[in-house]
Each structure stands twice: as structure tokens, then as C-alpha cells.
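Please look through the sequence and the model shown here, and then follow the explanation one part at a time.

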Amino acid sequence: MTDKKYSLPLSLLKKTNDAFGHIRNSLPHRCILCHQQTPFFKNYLCATCRADLPYPEFLCLGCATELPNETKFCGHCLTTLNSHSLITACDYQTPIKELISSLKYKKNYSAAAELALHLSHRVCQYIDLGYIEQPQLLIPVPLHRYRQIKRGFNQAELIALHLGRLLGIPVANNCTRVLATPAQSHLNSQQRRHNLDRAFKLNSPILANNIALIDDVYTTGATMRELSQTIEHSQKITIQYWCIARTLI
Ligand SMILES: [Zn+2]
Ligand SMILES: [Zn+2]
């Protein structure tokens with residue numbers, strides 16, 4: 001086989017690909033948030049909206065509350081032992097709220113890429129500062145099978161896949177949600193405490209000793225805690241919690 005034999009199909013393929021790229025980019029594409037036209041197909045957010053996403057400079061590594069200066073923990077977390085680092089991009093506020101809703105309820109999958117990109121900045125910031133080690137594996141918080149069938153996808157998994165691509169970390173689905181529990185937001189604090197008891201199951205051993213659990217929103221932390229307890233019950237492992245945003249409660 002000679003190079004010549006392959007030069008024609010390859011160049012044709014490239015030309016066809018370029019042509020499709022031009023057609024795709026010449027179609028109107030609108031920013032997910034402000035709906036202004038964007039120049040390229042992959043501009044899910046326009047440059048202005050992307051630059052305006054909330055990103056507090058310093059957050060506590062234990063509870064993700066905003067801090068006035070660069071330090072690892074807030075006063076409260078300094079005095080309590082946090083066994084899991086919590087990494088978020090920002091609080092659950094406009095327009096992050098709208099991006100998450102757009103993903104979950106309007107199936108706007110490109111929002112997952114934007115949310116993952118936003119969180120990846122915080123992850124890289126913490127790795128550069130030496131606050132966290134890069135995990136070897138990302139595990140999305142699973143949805144119960146019924147809820148996933150109803151929604152058609154697991155938003156945490158989509159975010160994890162984008163994060164994995166951005167950071168070069170594999171994604172695994174070792175866990176399942178075996179209990180169809182009511183949403184935490186519909187329960188009082190007493191009900192929330194027991195709502196997730198034995199909600200998860202670890203299907204196979206996790207072949208890593210440092211992982212990050214991925215979810216869209218962190219509220220009370222009950223979901224992350226229950227899932228990490230399920231994993232830690234079977235194996236000794238370092239677990240970080242990665243969520244796009246933390247709810248102000
Ligand atoms: Zn915009
Ligand atoms: Zn804290």
C-alpha cells in the first residue's frame with residue numbers, strides 16, 4: 001500500500017469535513033443564556049455570558065463557603081474534621097441555576113459542557129495550589145433507574161464525561177441507586193437524614209485509591225455522604241466531592 005493510494009480519500013474526507021464545518025458554523029447558533037447569536041457552533045455561551053459566570057476567588061475546601069482571602073478552610077471547618085474535600089465552582093445562583101435547569105429539564109446537553117468547563121477551573125486551581133491531588137477516577141452520582149428512564153439521561157454523568165475529557169480522567173459507573181428516594185428538597189431535615197439510608201450499591205470494586213464523586217448541586221451533602229459511605233464500607237479509598245454549585249441553605 002502506498003501513500004498515494006490513501007491521499008485521495010483522506011483529502012476528500014478532510015474537504016467534506018471542512019465543508020460540513022463551514023455549513024454548521026454558518027447556521028445561526030444562539031447563546032444558551034442571552035440568546036444572542038454566537039459566531040461558531042461550539043459557542044454554547046457567548047463570550048460575555050461565559051466571562052460573567054459567578055466564580056468566587058476563594059472557597060473553603062471543607063464546605064465551599066466563600067472566604068475573604070486565600071486559605072484552605074473556614075473557621076468552622078478548621079475545627080471539625082472533614083474527611084472529604086468539597087470542590088464547587090460557585091453558589092447555586094443565577095445564571096448557574098438556569099444552566100442546570102436548561103440541562104435537566106430542557107435536555108440542553110451543551111449546558112453540561114459549559115458547567116463542566118466552569119468547575120474544571122476550580123479543580124485546576126486547587127491542583128495548582130496543591131490543595132488536592134488529581135483523582136484517578138470520576139464517578140457520577142447515579143440516578144435511580146426509573147428516574148433515569150423518565151429523564152432520559154443522568155445529568156451528573158454528562159457533566160462527569162465532559163470533566164473527564166477536559167482533565168484526562170476516566171469516568172466509571174461502579175455504583176447504582178437501588179432505592180427510588182423522594183427528592184431531598186421535598187423533605188424536612190428529620191426525613192432527609194434517613195431518606196438515603198442504603199440508597200446506593202457498589203457493583204464492582206473501584207480500581208483506584210483516589211476518586212471524585214460528581215453531582216450537579218450540593219445541598220445538605222446527604223447524597224454524597226451516603227454514596228461515599230457505601231463505597232468506604234467496601235474499600236479504603238480517598239473520596240473528593242465535586243459539584244457544580246452549592247445551595248445556600
Ligand atoms: Zn450570552
Ligand atoms: Zn468551611
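A residue is called buried if 20 or more other C-beta atoms lie within 10 Å of its own, and exposed if there are 12 or fewer, with partly exposed in between. Ala 64 has 25 C-beta neighbours inside 10 Å and therefore counts as buried. The model is a predicted one, and in its protein chain buried residues make up 30% of the 249 residues.

The protein chain contains nine helices and eight strands. If we consider the contacts between residues at least 6 apart in sequence, 68% of them join residues at least 24 apart.

The buried residues of helix 5 are Ala 111, Ala 112, Ala 113, Glu 114, Leu 115, Ala 116, His 118, Leu 119, Arg 122 and Val 123, and what covers them includes strand 3, helix 4, helix 7 and strand 8. After helix 5 comes Gly 130, whose phi is positive, near 80 degrees.

Helix 7 can be examined in the same manner. At 1.5 Å a residue its 13 residues should span 18 Å, and its end C-alpha atoms are 18 Å apart, which agrees. Its buried residues are Gln 155, Ala 156, Glu 157, Leu 158, Ile 159, Ala 160, His 162 and Leu 163, and among the elements that cover them are helix 4 (96-106), helix 5, strand 4 (137-140), strand 7 (210-218) and strand 8 (238-246). Just after helix 7, Gly 168 takes a positive phi of about 70 degrees.

Helix 4 is also a partner of helix 5: the axes of helix 4 and helix 5 come within 8 Å and cross at roughly 140 degrees. That angle makes helix 4 oblique to helix 5, and helix 4 passes helix 5 in a left-handed crossing. Here Leu 99, Ile 100, Ser 102 and Leu 103 in helix 4 meet Ala 111, Ala 112, Glu 114 and Leu 115 in helix 5, and the residues of this contact divide into six nonpolar, one polar and one charged.

We can now turn to some details of the backbone. Most residues other than glycine have a negative phi, and most peptide bonds are trans. Ala 64, which lies in the loop between helix 2 (47-51) and helix 3 (75-79), has a positive phi of about 70 degrees although it is not a glycine. Lys 107, in the loop between helix 4 and helix 5, is not a glycine either and has a positive phi of about 50 degrees; with 12 other C-beta atoms within 10 Å, Lys 107 is exposed. The peptide bond from Thr 94 to Pro 95 is cis, with omega near 0 degrees, and Pro 95 has its place in the loop between strand 3 (86-91) and helix 4.

The last stop is Ala 208, in the loop between strand 6 (200-202) and strand 7. Ala 208 has 19 C-beta neighbours inside 10 Å and so counts as partly exposed. Although Ala 208 and Leu 137 are 71 residues apart in sequence, their C-alpha atoms are 6.7 Å apart in space. Leaving aside neighbours within four places in sequence, Ala 208 is in contact with Gln 136 and Leu 137.

Conventions: Residues are numbered from 1 along each chain as its sequence is written. Chains are lettered from A and ligands numbered from 1 in the order in which they are written. This is a predicted model: local features need pLDDT of at least 70, side-chain atom pairs count only at pLDDT 80 or more; totals for chains, interfaces and linings use all residues. Helices (H or I, at least four residues) and strands (E, at least two) are DSSP runs, numbered from the N terminus. Two residues are in contact if their C-beta atoms, placed from the backbone, lie within 7 Å. The expected span of a helix is 1.5 Å times one less than its number of residues. Axes are lines fitted to C-alpha atoms, for helices over the stretch in contact, and angles run from 0 to 180 degrees between N-to-C directions. Angles under 35 degrees count as roughly parallel, over 145 as roughly antiparallel, 65 to 115 as roughly perpendicular and the rest as oblique. A crossing is left-handed if the near helix is turned anticlockwise from the far one by less than a right angle, and right-handed if clockwise. Ala, Val, Leu, Ile, Met, Phe, Trp, Tyr, Cys and Pro count as nonpolar, Asp, Glu, Lys and Arg as charged, and the others, Gly among them, as polar.
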